[in-house]
Amino acid sequence: MKTLHRLTIFSGFLFAGLIGCKDQGKTAPTAPVVIANSLSVGLDTVFTFPQDTVVLTIQGGTPPYSVAPPPTSSAQCSITDSTLTIIGSSIGSNIARITDASSPAHSVDLPIIVGTAVSFANSIQPIFVSRYGCSGTIGGCHGGTMGLFLDNATVSYQNLVNVPAQSAGFIGYKRVAPRNLSNSLLYKRLSSNDPAISMPQGRTAPLDTTYLNNVRTWILQGARFN
Ligand code: HEM
């Protein structure tokens with residue numbers, strides 16, 4: 001995250017840029033992070049879906065903190081001490097402004113994108129079994145490779161989310177790190193066309209865009225078991 005000063009004028013531009021991002025599965029714009037005196041919530045952008053709750057910790061700045069979502073917000077935001085709670089209300093995009101108690105006050109603008117939930121069982125698991133046949137019972141390729149069984153949604157989820165990667169060169173990664181694409185080896189392997197990295201193993205043609213975007217959005221939405 002970059003350290004910048006308050007960008008009140010810029011936030012209007014930022015908001016306009018986010019309005020067109022309602023469709024889940026599409027690549028959302030990467031918004032600049034506005035941080036003053038290290039005030040931060042640890043994420044550049046929050047991806048969520050209606051009725052889901054996201055809990056973040058506010059760091060830096062001078063407490064107490066306050067949050068001001070726009071009146072027509074598609075998400076509800078509240079703060080208790082250093083805990084920011086975001087509940088998705090309806091499909092849409094907004095920016096929440098978190099402000100501290102210093103004088104002059106510092107603030108951080110947090111884009112919140114509420115999209116349609118990507119279902120792990122309906123949209124992610126079929127990639128492993130139906131489409132690419134890498135189930136332990138069907139294809140056999142992950143019926144033991146590094147213990148990465150992908151036979152059904154329950155087994156796959158347990159073997160992927162928050163599980164440390166074992167591949168040489170990728171120690172320190174998680175197979176899936178919720179909300180963190182760059183630390184998720186599953187996404188790295190599915191988005192790469194380099195046969196030394198890609199999955200299914202040796203693939204050089206891009207993975208189907210719909211599948212890849214679903215994986216991306218599912219991870220950004222918190223990699224829920226849904
Ligand atoms: C969509 C299908 C596939 C997915 C999602 C997938 C996913 C992954 C992931 C996340 C890892 C890293 C595990 C870790 O480091 O802990 C991995 C490793 C591996 N996969 Fe796959 N895989 C798929 C298909 C296949 C297929 C079809 C084969 C073989 C025919 C295969 C063979 C391997 C091997 C050998 C490794 C270890 C690579 C290494 O040592 O770095 N995978 N796979």
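Among contacts in the chain between residues at least 6 apart in sequence, what percentage join residues at least 24 apart?

1. The figure is 54% for pairs at least 24 apart, taken among contacts between residues at least 6 apart in sequence. Two residues are in contact here if their C-beta atoms, placed from the backbone, lie within 7 Å.

2. Please keep in mind that this is a predicted model: local features need pLDDT of at least 70, side-chain atom pairs count only at pLDDT 80 or more, and totals for chains, interfaces and linings use all residues. Residues are numbered from 1 along each chain as its sequence is written.

3. On confidence, the chain has an average pLDDT (the predictor's confidence in each residue, from 0 to 100) of 82, and 77% of the residues score at least 70. Residues 1-35 have a pLDDT below 50, and this stretch has 57 contacts in the model beyond near neighbours in sequence. For residues 136-140 the pLDDT is also below 50, with 10 contacts counted in that way.

4. The chain holds five helices and seven strands. These are DSSP runs (helices: H or I, at least four residues; strands: E, at least two), numbered from the N terminus. Their order from that end is α-β-β-β-β-β-β-β-α-α-α-α.

5. Of the 226 residues in the chain, 37% are buried. Buried means 20 or more other C-beta atoms within 10 Å of a residue's own, exposed means 12 or fewer, and partly exposed is in between, with C-beta atoms placed from the backbone.

6. Serine 103 is exposed because it has 7 other C-beta atoms within 10 Å. Its C-alpha atom is 9.4 Å from that of threonine 62, a residue 41 positions away along the chain.
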